[in-house]
Amino acid sequence: IRAVLSGERPSGHTNDAARELVVINAAASLYVAEVTDTMQRGAALAAEMIENGAALAKLEALRQASQA
């Protein structure tokens, strides 16, 4: 997950399938939590959060909080 959220790609590999899986999972979560009114909007929001670094920042915050 960290690799997808940070945009890392091992030499010779793409993480497009993994990224799509993360986006779809996040889209479903956002839709079920009624943050978005459609899965498509959830996917767009999830992709935007990955691209702007917000998703990785949230993962780091959760990691730090769980170690406190």
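1. Helices (H or I, at least four residues) and strands (E, at least two) are DSSP runs, numbered from the N terminus. Keep in mind that this is a predicted model, in which local features need pLDDT of at least 70, side-chain atom pairs count only at pLDDT 80 or more, and totals for chains, interfaces and linings use all residues. Residues are numbered from 1 along each chain as its sequence is written, and side-chain values use heavy atoms, with hydrogens and water left out.

2. On burial: of the 68 residues in the protein, 19% are buried. Buried here means under 20% relative accessible area, exposed means over 50%, and partly exposed is in between (1.4 Å probe, protein chains only).

3. Next, the charged pairs. The structure holds four salt bridges, each being a side-chain nitrogen of Lys or Arg within 4 Å of a carboxyl oxygen of Asp or Glu. Take E51 with R19, where the closest N and O atoms are 3.0 Å apart. This pair links distant parts of the chain: E51 sits in helix α3 (residues 39–51) and R19 in helix α2 (residues 16–32), 32 residues apart.

4. E60 pairs with R63, and their closest N and O atoms are 3.1 Å apart. Both lie in helix α4 (residues 54–66), three residues apart, which is about one turn of the helix. E60 is partly exposed, with a relative accessible area of 21%, and R63 is partly exposed as well, at 31%. Through salt bridges that share partners, R2, E60 and R63 are joined into one network.

5. D37 and R41 also form a salt bridge, with the closest N and O atoms 2.7 Å apart.

6. Which residues form the nonpolar patch on the surface? They are I24, Y31, V32 and M39, with about 400 Å² of accessible area together. Patch members need over 30% relative accessible area and no salt bridge; like charges are joined within 9 Å, and nonpolar side chains (Val, Leu, Ile, Met, Phe, Trp, Tyr) within 5 Å. The areas come from the Shrake-Rupley method with a 1.4 Å probe, and for residues only the protein chains shown count as cover. α2 gives the most to this patch, with three residues. M39 lies in helix α3 and counts as partly exposed because its relative accessibility is 33%.

7. Now the largest pocket, with a volume of about 270 Å³. Of its 13 lining residues, the closest to its centre are L5, V22, A26, A55 and K58. A pocket is an open set of points on a 1 Å grid over the protein atoms alone, where a 1.4 Å probe fits, with protein on both sides within 12 Å along at least five of seven lines; lining residues have an atom within 4 Å of a point. Grid points are joined across faces, edges and corners, and the volume is the space filled by probe spheres set on the points. α2, α3 and α4 each supply at least two residues of the lining. The lining divides into 11 nonpolar residues, one polar and one charged. Ala, Val, Leu, Ile, Met, Phe, Trp, Tyr, Cys and Pro count as nonpolar, Asp, Glu, Lys and Arg as charged, and the others, Gly among them, as polar.

8. One backbone point: E34 has a positive phi of about 60° although it is not a glycine. E34 lies in the loop between α2 and α3, and at 70% relative accessibility it counts as exposed.
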